[in-house]
Amino acid sequence: MSKSFSSSIRVRKNIRLTLTYIVLAIISVIWLIPFVYIIAQSLSVDTANFSVFFPDEWTFDNYILLFTDQSKPFWRWWLNTFIIAGCTCIIQTLITLATSYAFSRLRFKSRKFIMKTFLIIGMFPSFLTMIINYFLLDILGLSSSIFGLVLIYCASSAMGYYIAKGFFDTIPKSLDEAAMIDGANKNTIFFKIILPLSKPIVVYTVLMAFTGPWGDFMMASYIAQGDVQLMNVAVGLQNLALVGEITKYFSRFCAGGVVTSIPIMILFFWLQRYYVEGVTGGAVKG
Amino acid sequence: MAGLKLEHIYKVYPNGTKAVSDFTMDIQDQEFIVFVGPSGCGKSTTLRMIAGLEEISAGELYIDDRIVNDVEPKDRDIAMVFQNYALYPHMTVYENMAFGLQLRHMPTEEIHEKVMWAAEVLGLTDYLDRKPKAMSGGQRQRVALGRAILRNPKVMLLDEPLSNLDAKLRAQMRSEIAKLHKQLKTTFIYVTHDQIEAMTLGSRVVVMKLGRIQQVDTPKNLYDYPGNKFVAGFIGTPQMNFFEGTLLDLGKEVEITFKYSDAKIYIPREQLTKVNYEYLDGKHDVYIGIRCENIAEASKDDDPKLCIDCKVSHFEELGNETLIYGDINMQGDGFKETSTRVIFKGTPNNNIKIDNVVKIKLDASKLHFFDKETEESISLRIPKENILLSKIEGSKLVLGDKEVTLPKAITSKLSGNTTGKCLFSLDAILLNEGKEKATIVNIEEVNGNYLLHLKYGNNLIFTFGKKENKVNEVVKFDIDYTKVKFIDENGNKVIEELPEFDKVYGNFVNLNTYLYKTHDESITHEIEELKVKINSEYDTKVNEVKAKYTALKEEVSKKDYTSINKENNEELAVKTQKYKDQVNVLKAELKAKLTSEKNDYKAKVKETKDRIMSQYRDMFYNEKSTYLDIKNNNKDKDAIKRARAEFLERKENLPKERENEINNAINSLALNYETATSALKSGFKREKLALKKSLNELIEKAKKDKEPLKHIGKEETNEISVLEKERKEALSKAAIRFYFDINNTYFECNELISNKIIQALGTKVFIKKYLFKLPHDSYLLKDKGIEAIVKDNLDYGNKQFAVCECDSLSGKKETLILETKKPLEVDSKVYVDIDFTKSHIIETGLDIRLY
């Protein structure tokens, strides 16, 4: 009796698992199709053959051309983007975390008011300020420099305090107090106690700060103003896919897409574990 | 090793709630003080104020005679243990304990020694490499204790350290904390809401309620002599029984009548000598308290005068004893907490059954009485006042069979003979003065004070004496008549005591307001003069500096620096080379050590891995052979099936177990490796810094010699700028003055008092109203000050006072009583200046004592 009972449970469990895996497999295939398509096209000899999934002839030339053709300096674009994203990532992470810590731990006048104001201002789409931003950068002499972009991306970073503050709030305040009695100042508490405990949220902030500028098109396109030396990858790839030229560059466009996604993929795979914790950690009180 | 002093400490939150009010206490070195009280009574807030985590709103906190109100927590030399342990989760136990010392830049070896010592004391040696997550609650709290003790703080603060532990661990940790206190010989301050912890640990216990101290005493005294009903009810389980009732003096006995019941008991009058006899009139409602262990079932031989009837309602079995619940009101049910319910200890027997009425006996010597209105004890160990039945006959005061002559100040107001009672405080008796004589009949020691019972004629009076006083000794004394009251039978005050203070209201103003109101030119002149003086003082100082440097410059310009520079350069080159060499050597050493560590580590990892692998391989083969054995030698199919299932399960699980074990082993190895390498690296860094320091000194010197004039010029400007800064400060300070405005008369406020007031109230100082309590000796007769008219002179024999009247803003007359050497002319005008250092200053809005 007990044997059949236990075996029936096992059978049912196996069936359930099999079904789940089949569904997951189908979904992941669907999700992977565009990616496979772009990789396949990037290896095509024919420069524009969108209608077939797999090309007839295969070559690596597209990738080589991508890095050697001086009229379309993809290497330059990639480097620009990397510099912008890297700088933004460092500055923005520092500012965001510091702001969050201040909002979470310090009690100062109009703290609540500033928090609410940040939240409301953050709800407006950023392109509303695009023209003003351009004039401001012009005054600063940064209107045709990639560091102007860094400035724009970093300027609003304090507004992203919300998730990190939620996470800091879950760290007991008595830890700060114990450290204070141990002889730590606010700096030491932040860097030696709070940050090591907030790895997930640090990773989350880093990822957000990196991916934002990495894929940005709008701000970057009006800083570049058609100058190929100032473009980032998004603007550059669009430059490859201009009407009239698309037939000439389509396979190279695909190759560019593949190369662009590599750093993000590496980052995500590396930090995936923390990322999930970070997204959920701020919301749930531990 | 330090004492603590808390003086009139207040905590007021911005929204006006007072968390702690007027907390005053002296804590001796090595004492174990426990703050206890219900939640929200301000005990944790007080502790956090001592720690410096919470700002002190008003009052002063001294640690070791140093005022620490504005000192950072880390500089107060305290350590604190938190309720939730507050261990740093990402650090190991070792790092947790060492963190505080590392921040104080203690050498690594010393830290190591101290941590090992603390770990030894608390039995944590085996857990040093663990993280807090992997430890039990008791162990975590021990780590927190360890972190606190290894700094050897002056004061240990413990904020409910045991309330997160289960009951058994709590008892264990309690005795460990007591042991620790004995071992460390430090002052401990311990906060808890658990009265058992308070009673077992504290050398003195502070009972708090609603931010106020209720009583401070040893646990035994708290239990035996509670100062009010709250303390009586809070200390001791089960709670003390409280009844309502009245007391009636019958001469030799006192009749106690219980309300809502027919019960009456009679106790000897001697036991209530210290009770104000007003309460013995059979009309005043009082609470009668008695603990459950002082009530017992009455036997036949017991005095019926101490027995009452009680209807038993239910029992509570505690194992070793039984609590019997009953009611002295025959209609009561004994469940609700009423003023007739009674709980006592005993054993249920034939007689004591539910719903039976039994006789219970109260221990008369253990009864407590509390006023119904104020809930204060009326049988305090130290009575508040002496109260004697007396008569006034002419200028004489008759106290029983003795009589004393009243001073002129009192007799002049008397209007004939009356009878009533005479009240005077304990310190109104001035021992070893005057001509009155009394015999000491008893001496009690109460909290370091010696309470004397004096037999004066047929009166018993109380006063404070000294250790040298002996029973049956005859002492001389005098009465301070300023503290004597007389109330006649109708309740009229015939003689009033001289109030201790005159109460005056006023404001706090700054210089500008003062000038605007008074147009006092002299003060502006004074400040101008002061400024001129400061300026000239600093001018001379600056000139001196300038002269010094001109001389130096001249001297330098005469000297030839080329050879010195050359020498310097040569030395610098040699030293730099040497420094580089030394650093290289160190680097190489470090590298060699690191590589050897690394190789060691790798070898160890490999060895452990191999060992575990082979171990598991053996295990697997064992399992397999057992299974094959059973399979080959056994006919029973079921058995084979079972063995097979078992084998398969083992086969599936063994790799996982192996992985786990390998991971654990490697983790602990990695931890050791990391500790070793980080120690090596930090050692290298320290040595390098030390080398660099001596080199830097040389570089600095060379720089100085290269351009001597420029360097001297720099030093000169530096020194002058420091002086200028000082001058600026002195000038601005000269113009900062504060005044008290009392009825439009202004008094300059000294720096000490104004600082205290500003510290407590911040920017609101100018809009608040202040109450000044002025003692009689704080007045000075001068040619400036409050204008007052002398109305009367009071002659108290050994002291003289003058009663003066002055106008107040509200139009009412205010009375000031001045202590004087000789009588002043009545109706003459005097000007009174006030010495505020002798006064008390109170903010009226929130009732905060500021000075």
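Biologist: F99(B) is found in helix α2 of chain B. What makes a stretch of residues a helix or a strand here?

Modeller: Helices (H or I, at least four residues) and strands (E, at least two) are DSSP runs, numbered from the N terminus. The structure is a predicted model, in which local features need pLDDT of at least 70 and side-chain atom pairs count only at pLDDT 80 or more, while totals for chains, interfaces and linings use all residues. Residues are numbered from 1 along each chain as its sequence is written, chains are lettered from A and ligands numbered from 1 in the order in which they are written, and side-chain values use heavy atoms, with hydrogens and water left out.

Biologist: Why is F99(B) called buried?

Modeller: A residue is buried under 20% relative accessible area, exposed over 50% and partly exposed in between (1.4 Å probe, protein chains only). F99(B) has a relative accessibility of 2% and therefore counts as buried.

Biologist: Which residues does F99(B) touch, leaving out those up to four places away in sequence?

Modeller: A contact requires heavy atoms within 4.5 Å. F99(B) touches A179(A), D182(A), K192(A) and I193(A) in chain A, and Y88(B) and M91(B) in chain B. F99(B) and Y88(B) are eleven residues apart in sequence, with their C-alpha atoms 9.4 Å apart in space.

Biologist: What makes helix α2 of chain B largely enclosed by the rest of the structure?

Modeller: The helix covers residues 93-103, and nine of its eleven residues are buried, so the helix is largely enclosed. The buried residues are V93(B), Y94(B), N96(B), M97(B), A98(B), F99(B), G100(B), L101(B) and L103(B). They pack against α8 (173-182) and α9 (186-197) of chain A, together with α3 (108-122) and α4 of chain B. After α2(B) comes H105(B), whose phi is positive, near 55°.

Biologist: How many residues from each chain take part in the contact between the chains, and how much area do the chains bury?

Modeller: The contact takes 17 residues from chain A and 23 residues from chain B. Buried area is the accessible area (1.4 Å probe) that two parts lose on being put together, summed over both. Here chain A and chain B bury about 1700 Å² between them, 66% of it on carbon and sulfur atoms. On the side of chain A, E177(A), I181(A) and D182(A) lose the most area to chain B, together 39% of what that side buries.

Biologist: What makes N152(B) partly exposed, and L210(B) exposed?

Modeller: N152(B) has a relative accessible area of 44%, so it falls in the partly exposed range. The value for L210(B) is 66%, and L210(B) therefore counts as exposed.

Biologist: Where do N152(B) and L210(B) lie?

Modeller: N152(B) lies in the loop between α4 (137-149) and β7 (155-159) of chain B, and L210(B) in the loop between β9 (204-209) and β10 (212-217) of chain B. N152(B) has a positive phi of about 55° although it is not a glycine, and the phi of L210(B), also not a glycine, is near 50°. Most residues other than glycine have a negative phi, and most peptide bonds are trans.

Biologist: Which residues does a cis peptide bond join in chain B?

Modeller: The bond joins T237(B) and P238(B), with omega about -10°. P238(B) is found in the loop between α8 (229-234) and β11 (241-249) of chain B.

Biologist: Why are α3(A) and α12(A) described by the direction they take relative to each other?

Modeller: Axes are lines fitted to C-alpha atoms, for helices over the stretch in contact, and angles run from 0 to 180 degrees between N-to-C directions. Angles under 35 degrees count as roughly parallel, over 145 as roughly antiparallel, 65 to 115 as roughly perpendicular and the rest as oblique. The axes of α3 (residues 74-105) and α12 (residues 233-240) of chain A come within 8 Å and cross at roughly 155°. The two helices are therefore roughly antiparallel. In this contact, F74(A), W77(A), W78(A) and T81(A) of α3(A) meet V233(A), G236(A), L237(A), N239(A) and L240(A) of α12(A).

Biologist: How many helices and strands are there in chain A and in chain B?

Modeller: Chain A has 13 helices and zero strands, whereas chain B has 15 helices and 41 strands. Buried residues make up 41% of the 286 residues in chain A and 44% of the 851 residues of chain B.
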